[in-house]
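This note sets out several points for a colleague who is meeting the structure for the first time. Please read them with the model open.

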Amino acid sequence: HGVNTFSPEGRIFQIEYAIEAIKLGSTSLGIQTSEGVLIAAEKRLQSSLLDPQSVNKILEIDSHIGAVMSGMVADARILIEHARTESQNHRFTYNEPMRVESCTLATCDLSLRFGESGGKKKLLSRPFGVSLLIAGVDEEGPQLWQTDPSGTYTKYDAQAIGAGAEAAQGVFVEQYHKSMTIKDAEKLALTILLQVMEDTLSHQNVEVAVVKSDTRKLHIYSPAEIKAIIDREHITTAH
């Protein structure tokens, strides 16, 4: 089969395989609250000699939108770069920030265009092996969207992707409630990462960011701020 060809059973296997690739990726999660949206991710540091600051799982798309990835980081970069361009073009053309859903749609449009040839742009010959959680605040309030390699995008109150996604979703079903504050979300996010991560959780191997409803600005936490949450909520392996 070609990458774009349906099987006799009506499936496109390359997309299914790409979705499987995401399940090998590090765990990322997002939580939407009335105060804003929080995203967090595990950083897999392959070596003690590696600089933790050089591994980035959370990236800024625009001042009011951030994204966290699970899967192939290089693939995510292509999608994020496209989203950034679309967002800047929107600001330039309409003199307003892009809506979070429109931004998500723009990344999904690109994820569908694999296996195409012709034109100036060289496109990937396979689906993107990455899933994104896109968090932002616009006039419709705080939002959390998920994209996947099939180009589908869905809105969630709380969602997890990557290796620990199933376990994390189980915790969300039990513990998430719409009246959560950002402080509650910080605690829940780090508690879940503590449970699903292979390594011991520390302020060096997790990333957290928030887009607050009042400021509508993405803020990526520094390791010191993450350490403060771990200490404040007593999030340690000893239960």
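Which exposed residues does the face of α2 turned away from its buried side carry? The face carries R77 and F92; the points below begin with the basis of the description and then return to this helix.

1. Basis of the description. This is a predicted model, in which local features need pLDDT of at least 70, side-chain atom pairs count only at pLDDT 80 or more, and totals for chains, interfaces and linings use all residues. Residues are numbered from 1 along each chain as its sequence is written, and side-chain values use heavy atoms, with hydrogens and water left out. Helices (H or I, at least four residues) and strands (E, at least two) are DSSP runs, numbered from the N terminus.

2. Helix α2. The 22 residues of α2 should span 32 Å at 1.5 Å a residue, and its end C-alpha atoms are 31 Å apart, which agrees; the expected span is 1.5 Å times one less than the number of residues. Its buried residues are D75, A76, L79, I80, H82, A83, S87 and H90. Seen down the helix axis, the buried residues of α2 fall within an arc of 160°, so they line one face; the arc is that of the directions from the axis to the C-beta atoms. Buried here means under 20% relative accessible area, exposed over 50%, and partly exposed in between (1.4 Å probe, protein chains only). The cover over the buried residues of α2 includes β3 (58-62), β4 (65-71), α3 and β5 (130-138), where contact means heavy atoms within 4.5 Å.

3. A buried aspartate. D75 belongs to helix α2 and counts as buried, at 3% relative accessibility. Leaving aside residues up to four places away in sequence, D75 touches L124, R126, P127, F128, G129 and V130.

4. Positive phi values. N95 follows α2 and lies in the loop between α2 (73-94) and α3 (100-111). Its phi is positive, about 55°, although N95 is not a glycine; the residue is exposed, with a relative accessible area of 71%. R216, also not a glycine, has a positive phi near 55°. R216 sits in the loop between β9 (206-212) and β10 (218-220) and is partly exposed, at 36%.

5. Strand β8. A160 is in β8 (residues 158-161) and is buried, at 1% relative accessibility. Beyond residues up to four places away in sequence, A160 touches S28, L29, A165, A168, Q169 and F172.

6. Helices α4 and α5. The axes of α4 (residues 165-175) and α5 (residues 182-196) come within 10 Å and cross at roughly 145°; axes are lines fitted to C-alpha atoms, for helices over the stretch in contact, and angles run from 0 to 180 degrees between N-to-C directions. A167, A168, V171, F172 and Q175 of α4 make the contact with L188, I192, Q195 and V196 of α5. By class, this contact has seven nonpolar, two polar and no charged residues. Ala, Val, Leu, Ile, Met, Phe, Trp, Tyr, Cys and Pro count as nonpolar, Asp, Glu, Lys and Arg as charged, and the others, Gly among them, as polar.

7. The buried residues of α5 include I182, A185, E186 and L188. What covers the buried residues of α5 includes β1 (28-33), β2 (36-42), α4, β9 and α6 (223-232).
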